Amino acid sequence: MIGGLKSESLLARVPAERQRALGRLGGQLFRNRDGDGIVHGHVALYGEGTASDELMRAARALADREGVVVNTHIGFDIDLAEAMEARWGRPRFAYLAERGLLGSNTTFVHMNVIRDGDVEPILASGLSIVWCPLPYLSRGTPLRLPTRIPEMRRRGANVALGTDSARQSTVGDAPFLALHLAAEAGEPIVSEDAIEMATLGGARAAGLERLIGSLEPGKRADVVVRRSDAAELAPGVDPAHQLVTIGHGATADTVLVNGRVVLRGGRSTLVGEDSVVAEPRASVGRVAARLGLGTPGRWPRREA
């Protein structure tokens, strides 16, 4: 494990033991037995600098055998990427390709660091990239290294959009930020490209393009019907651009998942939203009280 990732609390909770790591691979694949299920399992590793070659080979073999993707985080941090390059003595994707660890069912999250020597292995393998624009911005990475993800997409790589974690951003932030970051990197895209990355690109990255990602015969009826009467949507002359720039959850009116209506009139049909929201808010309030932070929503402004 790379030094900057070592944490006593993390290793106490998740011991870095060989048999434990190998034994837990694919622990959620049982979910794929339900052909009509909406939750699917894949093979996942924690991220760059935390897996041995043996563990990566085992993950890859299991994903191939089960017909699922193997997913991990790579290139989130420039310094960590440089540490891995120093350890392996070459560009990271060249190293992974030499060991047979890349393929069309390989999905990497972040990919903020792509060297010239990485480009050919990335494109040749058919792997998928999950681009998380806000984490890329929040660490000031553009000031040190412009993104090459739009270039990879132009050259044929599949790109999806992600958030990294709930604390980083909402789903609606990613297409808007991608649109502007691509232009800043000299690889401009249009709104329709951002929508494709958020839908079909995401389905491919998850290994589920046979089921979801586009509206066509034989695929599941996953449909979002958005409002058109909100003032911020006027004048409505470019719906695709407005979906990308203002397309947050507040404009969703009706949502179908596998043909089942789960949102109607902007409200969930499956759970009581008030109680679902109240419980985590109460939990945050209790933690804040223990830490002496006061009432959530009235916390002092954080300094950068």
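This is a predicted model: local features need pLDDT of at least 70, side-chain atom pairs count only at pLDDT 80 or more; totals for chains, interfaces and linings use all residues.

**A helix and its surroundings**

On one side of helix α4, Ala86 and Arg87 are exposed.

Helix α4 spans residues 78-88, and its buried residues are Ile78, Leu80, Ala81, Met84, Glu85 and Trp88. These residues lie on the same side of α4, because the arc they cover around the axis is only 160°.

After α4 comes Gly89, which has a positive phi, near 75°.

Trp88 leads on to the aromatic rings. Two aromatic pairs are found when the whole structure is searched. In one of them, Trp88 and Tyr95 are stacked, with 4.1 Å centre to centre and 5° between the planes. Trp88 counts as buried because its relative accessibility is 12%, under the 20% cut-off. Tyr95 also counts as buried, at 7% relative accessibility. Phe93 and Phe108 form an edge-to-face pair, with 5.4 Å centre to centre and 80° between the planes. Since Phe93 belongs to helix α5 and Phe108 to strand β3 (residues 106-110), this pair ties together parts that are 15 residues apart in sequence. Phe93 is buried, with a relative accessible area of 0%, and Phe108 counts as buried at 5% relative accessibility.

Arg99 lies over the face of the Tyr95 ring, at 3.6 Å from the ring centre.

Next, consider Val69, in the loop between α3 and β2 (70-74). Is this residue buried or exposed? Val69 counts as buried, because its relative accessibility is 6%. Leaving out residues up to four places away in sequence, Val69 touches His42, Val43, Ala63, Asn105, Thr107, Ala205, Ala206 and Gly207. For Gly207, the separation along the chain is 138 residues, while the C-alpha atoms of Val69 and Gly207 are 5.8 Å apart.

Ser191 is placed in helix α11 (residues 191-198) and counts as buried at 7% relative accessibility. Apart from neighbours within four places in sequence, Ser191 is in contact with Leu179, Ala240, His241 and Val244.

The last stop is a sheet. Four strands form an open sheet in the order β6-β7-β8-β9, and their pairing is antiparallel. The edges are held by β6 (223-226) and β9 (267-268); each has a single partner strand, so one side of each is left without a neighbour in the sheet. In general, strands of a sheet pair through backbone hydrogen bonds, either parallel or antiparallel. Strand β8 (residues 260-264) pairs with β9 in the antiparallel sense, over two bridges. Which residue of β9 is the bridge partner of Arg264? The partner is Arg267.

Note on methods
Residues are numbered from 1 along each chain as its sequence is written. Side-chain values use heavy atoms; hydrogens and water are left out. Buried means under 20% relative accessible area, exposed over 50%, partly exposed in between (1.4 Å probe, protein chains only). The arc is that of the directions from the helix axis to the C-beta atoms. Two strands pair if DSSP finds at least two bridges between them. Rings of Phe, Tyr and Trp (its six-membered ring) pair if their centres lie within 6.5 Å; planes under 30 degrees apart count as stacked, over 60 as edge-to-face and the rest as tilted. A charge sits over a ring if NZ of Lys or CZ of Arg is within 6 Å of the ring centre and within 35 degrees of the ring normal. Contact means heavy atoms within 4.5 Å.
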